[in-house]
Amino acid sequence: MSSPTGTEDLRALAERAGRDLEDASAQEIMAWAARAFGRRLCVTSSMEDAVVAHLASTALPGVDVVFLDTGYHFPETIGTRDAVDAVMDVNVITLTPRQSVAEQDAEYGPRLHDRDPDLCCALRKVAPLNEGLAGYDAWATGLRRDESPTRAGTPVVAFDEKRGKVKISPIARWSQEDVEQYAAEHGVLTNPLLMDGYGSVGCAPCTRRLLAGEDARAGRWAGLGKTECGIHA
Ligand code: SF4
């Protein structure tokens, strides 16, 4: 496949692939992405699990896996990142915000995440990701339609208008059971917090264990009226 070069090429490619690959398997979607973008493709991972990183590394060995180290992660998440880096055929790239937590506290006051989580996420997640994605034409994510109502319409491939890149969600149609089955079959690393009552793993101050009957992301920013960090908005 010839390489797409401009925004219009990427948008047309994404729109066509979104239609053509809607019923394709996650493996077929990642194989298409590897053929279409090669090293201009990366995976972003929160290190909740390494399922999409595994799918991508199978299609594109040595693929870049981008992790946002906000400075607020659970030790288990950093440990999962390090284990992924050690055992998988991927190139883990850790992005950090411009300010350390201490520098942010000095400028904005402590615990910005409690007072203005949107600003905290903008500074510690969205800005570093936008800078980190600059060298890629496409990024793959682990978004799933069953995670929350806000993710129910996630396309398998779409054009990310904000960043001018192709956004690939190869497991958009998967259920939590599909993820667990794939991880078990392929020996894929998962964050140990998923076995400790957490349904979704984000920054420690903004993540709690699930209560009975809650959907997977209900433990994120609980009580703050916030459901997404802004990366996928
Ligand atoms: Fe800040 Fe919480 Fe967003 Fe992490 S999830 S960047 S701590 S507001």
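**Figure 1. Cavities in the predicted model.** A search of the whole structure finds two cavities of 30 Å³ or more. On a 1 Å grid over the protein atoms alone, a cavity is a set of points where a 1.4 Å probe fits but cannot get out, and lining residues have an atom within 4 Å of a point. Grid points are joined across faces, edges and corners, and a volume is the space filled by probe spheres set on the points. The model is predicted: local features need pLDDT of at least 70 and side-chain atom pairs count only at pLDDT 80 or more, while totals for chains, interfaces and linings use all residues. Residues are numbered from 1 along each chain as its sequence is written, and side-chain values use heavy atoms, with hydrogens and water left out.

**Figure 2. The largest cavity.** This cavity holds about 560 Å³ of space. It is lined by 35 residues, and those closest to its centre are T44, S45, S46, G142 and H232. Two or more lining residues come from each of β1 (41-44), α3 (51-59), β2 (63-68) and α7 (117-132). Helices (H or I, at least four residues) and strands (E, at least two) are DSSP runs, numbered from the N terminus. By class, the lining has 16 nonpolar, ten polar and nine charged residues. Here Ala, Val, Leu, Ile, Met, Phe, Trp, Tyr, Cys and Pro count as nonpolar, Asp, Glu, Lys and Arg as charged, and the others, Gly among them, as polar.

**Figure 3. The second largest cavity.** The space in this cavity is about 100 Å³. Of its 13 lining residues, C120, C121, C203, C206 and W221 are the closest to the centre. Helix α7 gives the largest share of the lining, five residues. The lining divides into seven nonpolar, three polar and three charged residues.

**Figure 4. The largest pocket.** A pocket is an open set of grid points with protein on both sides within 12 Å along at least five of seven lines. The largest pocket has a volume of about 320 Å³. Its lining has 18 residues, and Q176, V179, E180, L194 and Y198 lie nearest its centre. Eight of the lining residues are nonpolar, three polar and seven charged.

**Figure 5. Helix α3.** Seven of the nine residues of α3 are buried (under 20% relative accessible area; exposed is over 50% and partly exposed in between, with a 1.4 Å probe and protein chains only). The buried residues are V51, V52, A53, H54, L55, A56 and S57. They pack against α2 (26-37), β1, β2, β3, β4 (138-140) and α8 (176-186).

**Figure 6. Aromatic pairs.** The whole structure has three aromatic pairs. W32 and F37 have ring centres 5.6 Å apart and planes at 90 degrees, so this pair is edge-to-face. Rings of Phe, Tyr and Trp (its six-membered ring) pair if their centres lie within 6.5 Å; planes under 30 degrees apart count as stacked, over 60 as edge-to-face and the rest as tilted. W32 is buried at 8% relative accessibility, and F37 is buried at 2%. W174 and Y182 form a tilted pair, 5.5 Å centre to centre with 50 degrees between the planes. Both W174 and Y182 are buried.

**Figure 7. Surroundings of T94.** T94 lies in strand β3 (residues 90-95) and is partly exposed, with a relative accessible area of 33%. Not counting residues up to four places away in sequence, T94 touches F67, D69 and R81, where contact means heavy atoms within 4.5 Å.
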